[in-house]
Amino acid sequence: MQPWVRSLCVLGLIAFAFLAVSTTAAAFEAEDLPFGFGPQGWQTGLGLSQESVKSKGLLGYEKTGIDGYLTHGEGDQEAFSWFSGRKQVIMGNIGYSLELFGGNTQRPILSTFLSSTEPHVGAYGEFSRMYGTIGHGLAGEAQFSVSEVGEFQYSIIPYVQFQRQGVWRFSLSLGSSFGFGMSYQEPQEKVKLDITVVGEGLSMHVLLSLSEHPLTLGAGLTQEQAQVFIRYSF
């Protein structure tokens, strides 16, 4: 069996498992993800997201969902895909989440760069605790190539965060590579910003949601490439 076929099978199992454990009805949302322009020319794609929310007591909730996209750049010979199943639980001031993912491009932050990698599967987990408006947490990510390369990468990410006209987070990345980052999320989630420095690479991402329209404007920048895009939900 070809590596990319094995990868697609794993992704399908992940999506099916998370749909099976979802106990409340939810609407599917399809997106052009993204329609934009970058160093590889025009980029178009189609994404799919689903999420269900279930109350857990007076101060808690549980979110379960899947995300994924299939996209293609003008100058590329192959398509790029990335899919995940995720679960997030908040109980009072404690929260944790788990995400299982797979694909042949890098795990997206706020935008989707076409960065070819070996087909892989992986997991991302996070635990956080808040004390009023200040909190801390620990995140971790690991991925394993399902091709003949068999490369393994991981990162451990401790962070602190506080709420001041939004949520600000400062993090440190340890593991296969070293770096640090800063992110911001506006209270209504209309504006999201992420800046990271890992190794010798700098990356910046920003998303702006237009609440009165089904549009999201975004931009990404690294030392090698830049990207602007529009996401349209329908």
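Rings of Phe, Tyr and Trp (its six-membered ring) are taken to pair if their centres lie within 6.5 Å, with planes under 30 degrees apart counted as stacked, over 60 as edge-to-face and the rest as tilted; by this rule there are 4 aromatic pairs. One of these is the stacked pair of W82 and F101, with 5.8 Å from centre to centre and 25 degrees between the planes. Because W82 belongs to strand β4 (residues 80-91) and F101 to strand β5 (residues 94-105), this pair ties together parts that are 19 residues apart in sequence, strands being DSSP runs of E with at least two residues, numbered from the N terminus. W82, at 4% relative accessible area, is buried, as is F101 at 0% (buried, under 20%; exposed, over 50%; partly exposed, in between; 1.4 Å probe, protein chains only). F152 and Y154 are also stacked, since their ring centres are 6.2 Å apart and their planes lie at 20 degrees, and Y154 is partly exposed at 39%.

The model is predicted, so that local features require pLDDT of at least 70 and side-chain atom pairs pLDDT 80 or more, whereas totals for chains, interfaces and linings use all residues. Residues are numbered from 1 along each chain as its sequence is written, and side-chain values use heavy atoms, without hydrogens and water.

Strand β8 (residues 152-163) runs antiparallel to strand β7 (residues 134-145), to which 11 bridges join it, and pairs in the antiparallel sense with strand β9 (residues 167-175) over 7 bridges; pairing requires that DSSP finds at least two bridges between the strands. Within β8, Y159 is the bridge partner of G137 and stands opposite S171 in β9.

Technical notes: Helices (H or I, at least four residues) and strands (E, at least two) are DSSP runs, numbered from the N terminus.
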